[in-house]
Amino acid sequence: MTDRKALDALVGPEESERLFGALQRGAKRRDVLAMLMAGGMQATLAGGLATLATTAHAQAPRKGGRITVATNASGVNDTLDPAKQSNQTDYCRGFMFYNGLTVLDGSLTPRPQLAEEFTTQDAKTWVFKLRKDVTFHDGKPLTPADVVFSIMRHKDAATASRAKVLADQIESVTASGPNEVTFRLTSANADLPVILGTYHFHIVKAGTTDFNAGIGTGPYKVKEFKPGVRSIAVRNENYWKPGRPYLDEIELVGITDESARVNALLAGQLDLVQAVSPRSIDRVTATGKHAVYETKSVSYTNLIMRRDSSPGSNPDFVLAMKYLFNREQLLKSIQLGRGVVANDQPIATSNRFYLKGLPQRPYDPEKAKWHLQKANLGSAAIPVVASPAATNSVEMALVMQYAAKQIGLNLDVKRMPADGYWSTHWMKHPVGFGNVNARPSADLALTLFFKSDAPWNEAAWKNEKFDQLLVAARGEVDQAKRAQMYADMQVLVSNEGGIGIPMFISSLDGHNGKLKGLSQIPISGMMGSSFAEHVWLDA
Amino acid sequence: MNALLVKLLVQRIGLACLSLLAVSVLVFAITGVLPGDAAQEQLGQEATPESLAALRAQMGLDVPAHQRYLGWLGGLVRGDLGVSSTTQLPVAELIASRLPNSLLLAAVTALFSVPIALALGISAAVWRGSWFDRAASTGAVAVVSVPEFLVATLAVLIFAVQLKWLPALSYLSSIESLGQLLRAFAMPVLTLTCVIVAQMMRMTRAAVIDQLEAPYIEMVQLKGASPLRTVLAHALPNAVGPIANAVALSLSYLLGGVIIVETIFNYPGIAKLMVDGVTQRDIPLVQACAMLFCAGYLILVTTADLCGIVANPRLRHR
């Protein structure tokens, strides 16, 4: 892997990771070249780098082998119905047995999958051209009717789809040709291909009522599926992507206990395990035969200061709290460095619309003190609600409590049990913690949690300008204009919003050193749950 | 004596049915008090009022609670356990897929732990006060005081991670032969044995000592019976009642109480099924599991009582 190291040194580890990820997902040298030149790089330099990247990647994937994988959740509610899938165990299975019209790449940009290409003029009417050579596991060819069925069923309340809210913006899906479907939306949304690249919108066979057979177009077929116990997937010999998948068989089990997962990995019974605690990293890597793969920015834990009640209604209090985050220290002591320092704005560094230029808010007790005095809240203790349900929030609250004490602010940390936290405490206290998983698009991340009338507007922050920008950006097809609008919104949220985001948390997956091919799809660990198609086992 | 047994049996079965009924009402009421219902659990954060209503209608949750209970009870009487509200599969099918696993684990554990416990308990009673008695009693207390998750995790660390003698997980498709099965079962059985052996052993010891100090044993000894015969033929039959009860109590734990072992070793038993049912608010599933555990407990305890009566010469000859 010396070429890889040279590449890291030349373009930095993040860019190298991006190029490598693209190669592992099937990009060719010319694609890498295009990626580099899109960033403004000179052609000769880009040419050299692209060669280096392709050589580094040249270690050819090996076909064959069997792996056993453990995710961190399992229950009788495990399902192969894309509409009802609810956790990473389900999503991983979804990507084994099904395909979407599109697929998200390392920067969460949608790429063609079952759709050969997708076009729109106004972001309101979308035409998707389907691949012609695709068949379902039972031999039936993919037709527009399957796509219409797969999408429209989400809108039917009787399906009880978890994606109903997203599907409601789709007015109709119609077969507009032998290999073509047309989507009509209620309002313009340039991110439709992103939404269609997520697990709930996987394509199933028209008319399916029993999903336990898992008949899709995906890289693997169902050999066995026992909800709450395990699934065994075998290679789909007729998969439409040449040469894929690499593995013969994947057994997937859900094991809730972290130490049980890590122990079974170290004992050699598992090859890939989801959600390793930062504190287990040393144990995993100490063997020399195992490694930990880090996916950056899969979630953030945020301090919520409700703007509709005291003390959050006072903007100076909110700013004081934001200056009280010792972000580097929080990241180092709680996450052992496995994460990225954040800047009170919810778009992660890996997202294509992340605003690089926003000045980092530092840990500044003096400034916090100044704002606090200006807020003039008196000396009463301020309750802060935290819970193990919101990852790391108890630890964060305690660190903040100490920092606050230094400037004469008394925070009263109230620790709530994890069970029922989301229904009984989240967003129901003036100051408390929440935890938000990465969303596939900037639009979703902002719409769900910051739009004035969003049900999960955690801080009850209302800003007319933000709402206008949000709708405008959603319908904008010009990428540059769109990026500018998202930049403006990120500035608004960071400076005026009622939430503090100290860091983005990484997802850590442990794996057998022989398992190769993992890359970043920064929406969740295990390549955004889609590892099955991409990994291989070295001899 | 047979009439006595039959009368007792009939009485016990009647009482058992009443207990089952009471437990079913109780479990139904308690699951009703839990926050949220199956529809909310399934839809999670994405729930909208209309999708909730549609799902509730699908699951039959729009019917008032007492009607749902009566419907379930009617089904049970006809031998129909109902349909799981989360998976829409028959509950009987879900249980049938897990119960054999649980019974197998319980049987293997019982096969190991009961003889060990009895042997230790009787030996400790015979040599009471000796170094052996003290070591066995203290050891039993020490072992039962260590929580089972610790025993299980330590066992995994030593035998699976370090020595690599045994597999860390007990249920994977790689199990093909009897040898592999025994290796896979070794650690769960060891852990469960640690949990239940102490209580059985100490009860056995206490019951046998109780008998050994009775005047009739002195008589037996004066008549010249060997120590072995004194214990096995005279003291033990009189002590069978309490011992059988202790054994029954310990074994009843093996059916529903082994959730930690099932979790750590990824063993798909019935306890995990019930916990899933509770977290998903799947009431038909929870009810069926509760009935099963309760029935298992009653059968074990009743059997223990019968054993006590049959083995006890005084009760037998009345």
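These legends walk through close-up views of a predicted model.

**View 1. Where chain A meets chain B.** Let us start at the contact between the two chains, which draws on 38 residues from chain A and 37 residues from chain B. Together the chains bury about 3,100 Å², and 56% of this area lies on carbon and sulfur atoms.

**View 2. The side of chain A that touches chain B.** Several elements of chain A each supply at least two residues to this side: β1 (66–71), α7 (164–167), β9 (230–235), β10 (249–254) and α9 (258–266). Which of them gives the largest share? That is α9(A), with four residues. Sorted by class, this side of chain A has 17 nonpolar, eleven polar and ten charged residues.

**View 3. A nonpolar patch on the surface of chain B.** Look here for Val146(B), Phe149(B), Leu150(B), Leu154(B), Ile158(B), Leu163(B), Trp165(B) and Ile260(B), which form the patch. Together these residues have about 690 Å² of accessible area. Helix α7 of chain B, residues 148–162, gives the most to the patch, with four residues. Leu163(B), another member of the patch, sits in the loop between α7 and α8 (178–212) of chain B.

**View 4. A salt bridge within chain A.** Over all chains, the structure holds 30 salt bridges. One of them pairs Arg93(A) with Asp78(A), and their closest N and O atoms are 3.3 Å apart. Arg93(A) belongs to helix α5 (residues 88–97) of chain A, while Asp78(A) lies in the loop between β1 and α5, so the pair ties together parts that are 15 residues apart in sequence.

**View 5. Thr447(A) and its contacts.** Our last stop is Thr447(A), found in helix α16 (residues 442–450) of chain A. What does Thr447(A) touch, leaving aside its neighbours within four places in sequence? The contacts are Ala454(A), Leu470(A) and Arg474(A). With Arg474(A) there is also a polar contact of 3.2 Å, which joins the side chains of the two residues.

Methods: Residues are numbered from 1 along each chain as its sequence is written. Chains are lettered from A and ligands numbered from 1 in the order in which they are written. This is a predicted model: local features need pLDDT of at least 70, side-chain atom pairs count only at pLDDT 80 or more; totals for chains, interfaces and linings use all residues. Side-chain values use heavy atoms; hydrogens and water are left out. Contact means heavy atoms within 4.5 Å. Buried area is the accessible area (1.4 Å probe) that two parts lose on being put together, summed over both. Ala, Val, Leu, Ile, Met, Phe, Trp, Tyr, Cys and Pro count as nonpolar, Asp, Glu, Lys and Arg as charged, and the others, Gly among them, as polar. Patches are made of residues with over 30% relative accessible area and no salt bridge: like charges are joined within 9 Å, nonpolar side chains (Val, Leu, Ile, Met, Phe, Trp, Tyr) within 5 Å. Accessible areas come from the Shrake-Rupley method with a 1.4 Å probe; for residues, only the protein chains shown count as cover. A salt bridge is a side-chain nitrogen of Lys or Arg within 4 Å of a carboxyl oxygen of Asp or Glu. A polar contact is a pair of N or O atoms within 3.5 Å; within protein, one must be able to donate a hydrogen and the other to accept it, and residues adjacent in sequence count only if both atoms are side-chain atoms.
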